[in-house]
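Here is a short report on one protein chain. Look at the sequence and the 3D view first, then read on.

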Amino acid sequence: MSVEPRTGVLVRTDDETGISGTGVVAWIVEFPDGVTVTRWAVTDIRQTCVWAAVDDVLAIHGHGGKTTIKWASE
């Protein structure tokens with residue numbers, strides 16, 4: 001298990017709702033135990049969410065592959 005959290009951004013290629021736009025829409029941190037935090041970057045109301053796992057983030061916000069994660073370490 002890594003001892004450092006992994007950081008990155010959520011990148012959206014198509015905004016079906018017209019709310020968040022395209023490009024970088026949120027920051028993401030995945031902790032060594034799998035808990036993941038997202039922080040929305042583009043809306044007027046800045047929301048921070050805690051998730052049990054990164055897969056949960058993509059299940060809700062992935063929009064069928066239209067939003068992906070670009071990890072800083074990759």
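## The end of the chain

S73 sits in the segment after strand 5. Strands here are DSSP runs of E with at least two residues, helices are runs of H or I with at least four residues, and both are numbered from the N terminus. S73 is exposed, at 61% relative accessible area. The classes work like this: buried is under 20%, exposed is over 50%, and partly exposed is in between, using a 1.4 Å probe and protein chains only. Now take S73 and T48. They are 25 residues apart in sequence, and their C-alpha atoms are 22 Å apart in space.

## What kind of model this is

This is a predicted model: local features need pLDDT of at least 70, side-chain atom pairs count only at pLDDT 80 or more, and totals for chains, interfaces and linings use all residues. Residues are numbered from 1 along each chain as its sequence is written, and side-chain values use heavy atoms, with hydrogens and water left out.

## The overall fold

How many helices and strands does the chain have? It has 1 helix and 5 strands. Starting at the N terminus, the order is β-β-β-β-α-β. The radius of gyration is 12 Å, close to the 11 Å that the globule rule gives for 74 residues, so the chain is as compact as a globular protein of that length. That radius is taken over C-alpha atoms, and the rule is 2.2 Å times the number of residues to the power 0.38. Along the principal axes, the C-alpha atoms fill a box of roughly 40 × 25 × 20 Å.

Of the 74 residues, 32% count as buried. Contact means heavy atoms within 4.5 Å. Among contacts between residues at least 6 apart in sequence, 36% join residues at least 24 apart.

## The nonpolar core

In soluble globular proteins, nonpolar side chains tend to be buried together. Which residues make up the largest nonpolar core here? They are L10, V25, A26, I28, W40, C49, W51, V54, V57, I69 and W71, 11 residues in all. Strand 2 gives the most, with 3 residues. A core is a set of buried Ala, Val, Leu, Ile, Met, Phe, Trp, Tyr and Cys residues joined through side-chain atoms within 4.5 Å.

Look at V25, one of the core residues. Leaving out residues up to four places away in sequence, V25 touches L10, R12, S20, W40, A41 and V42.

Is H61 buried or exposed? H61 is buried, with a relative accessible area of 18%. This residue lies in helix 1. Beyond residues up to four places away in sequence, H61 touches R12, W40, W51 and T67.

V11 belongs to strand 1 (residues 6–12). At 22% relative accessibility, V11 counts as partly exposed. V11 and V42 are 31 residues apart in sequence, and 11 Å apart from C-alpha to C-alpha. D44 is in the loop between strand 3 (36–40) and strand 4. D44 counts as exposed, at 82% relative accessibility. Its C-alpha atom is 12 Å from that of V25, 19 residues apart along the chain.
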